[in-house]
Amino acid sequence: MEGRQAALFCHGISTRIGREVSFTLFDSADYDIVAKFEEGGVTRMVPVQLKELPPSTVNPTIELQDILDKLGEKLPDSKNLVVAIHINRAVQGLRPAELRIPTGLGEIWLYGAKDDTQQGWFLIGDMLKDANLVSEFQYPSNVIYSAIWQQNILGNRKGNITLSLGSLSMFNWKP
């Protein structure tokens, strides 16, 4: 699930900024992926923590504000960290500008499907700059998707997985 959420977020960001954004899964204490993009001839790598507002059937009591409040408590001074929150439920009347946004983070983004077909998606943010800035993107889109990996005869994965989503690709990055 984490790989799909990372791919969706990076695809949405790619659509927003008009540049390819790739990522690698990376479990750290503070982040889940490292996103990579080119800017002015310089390769930028950005740590991203993935969060989720789960479906109501999974946890009906948690709200988006609860997730934001916990982020503010756990990460009070993480100015280099981007947080991407997958809204994985139907949310009526979402008013991002009315949320209490923790200020100790680098960026905060919300993204999710516009409806049950999960073909139209929204991206809100960066909420620290403009909580009312919303863009839309399509998934699946008219790009080619593929994943490459190796496995042994028992079906256990060997090595890295390379994921390609058209203009979005997962890169293999080792610290």
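## Contacts around Ser-135

Two residues are in contact when they have heavy atoms within 4.5 Å of each other. By that rule, Ser-135 touches Arg-16, Trp-121, Phe-122 and Leu-123, once residues up to four places away in sequence are left out. The model is a predicted one, in which local features need pLDDT of at least 70 and side-chain atom pairs count only at pLDDT 80 or more, while totals for chains, interfaces and linings use all residues. Residues are numbered from 1 along each chain as its sequence is written, and side-chain values use heavy atoms, with hydrogens and water left out.

Where does Ser-135 sit? Its place is in strand β7, which covers residues 134–138. Strands (DSSP runs of E, at least two residues) and helices (runs of H or I, at least four) are numbered from the N terminus. Ser-135 is buried, with a relative accessible area of 18%; buried means under 20%, exposed means over 50%, and partly exposed lies in between, using a 1.4 Å probe and protein chains only. The side chains of Ser-135 and Arg-16 are also joined by a polar contact of 2.9 Å. A polar contact is a pair of N or O atoms within 3.5 Å; within protein, one must be able to donate a hydrogen and the other to accept it, and residues adjacent in sequence count only if both atoms are side-chain atoms.

## The whole chain

Now let us step back. The protein has 2 helices and 10 strands. Reading along the sequence gives the pattern α-β-β-β-α-β-β-β-β-β-β-β.

Of its 175 residues, 41% count as buried. The protein exposes about 9900 Å², and carbon and sulfur atoms supply 50% of that area. Such areas come from the Shrake-Rupley method with a 1.4 Å probe, and for residues only the protein chains shown count as cover. As for contacts between residues at least 6 apart in sequence, 50% join residues at least 24 apart.

## Helix α2 and its neighbours

Helix α2 spans residues 64–74, and its buried residues are Leu-64, Gln-65, Ile-67, Leu-68 and Leu-71. Seen down the axis of α2, these fall within an arc of 160 degrees, so they line one face of the helix. The arc is taken from the directions that run from the helix axis to the C-beta atoms. What does the face turned away from the buried side carry? There you find the exposed residues Lys-70, Glu-73 and Lys-74.

The buried residues of α2 pack against β3, β4 (78–87) and β5 (105–113). Strand β3 covers residues 42–53 and includes Val-46. Leaving out residues up to four places away in sequence, Val-46 touches Ile-33, Val-34, Ala-35, Phe-37 and Val-82. Val-46 and Gly-106 are 60 residues apart in sequence, but their C-alpha atoms are 9.9 Å apart in space.

## Partly exposed residues

Gln-138 is found in strand β7, and is partly exposed at 44% relative accessible area. Beyond its neighbours within four places in sequence, Gln-138 is in contact with His-11, Gln-119 and Gly-120. Its C-alpha lies 6.0 Å from that of Trp-121, a residue 17 places apart in sequence.

Asp-30 belongs to the loop between β1 (22–25) and β2 (33–39). Asp-30 is partly exposed, at 35% relative accessible area, and its contacts beyond four places in sequence are Gln-49, Leu-75 and Leu-81.

## Backbone details in two loops

Which backbone angle is positive in Gln-118? Phi is near 55 degrees there, a positive value in a residue other than glycine. Gln-118 lies in the loop between β5 and β6, and counts as partly exposed at 30% relative accessibility.

The peptide bond from Gly-125 to Asp-126 is cis, with omega near -5 degrees. Asp-126 lies in the loop between β6 and β7.

## The largest pocket

Rolling a probe the size of a water molecule over the atoms shows where empty space is left. The largest pocket holds about 360 Å³ of space. Of the 16 residues that line this pocket, the closest to its centre are Arg-89, Ala-90, Val-91, Ala-113 and Lys-114. The elements that give two or more residues to the lining are β4 and β6 (120–125).

A pocket is an open set of points on a 1 Å grid over the protein atoms alone, where a 1.4 Å probe fits, with protein on both sides within 12 Å along at least five of seven lines; lining residues have an atom within 4 Å of a point. Grid points are joined across faces, edges and corners, and the volume is the space filled by probe spheres set on the points.
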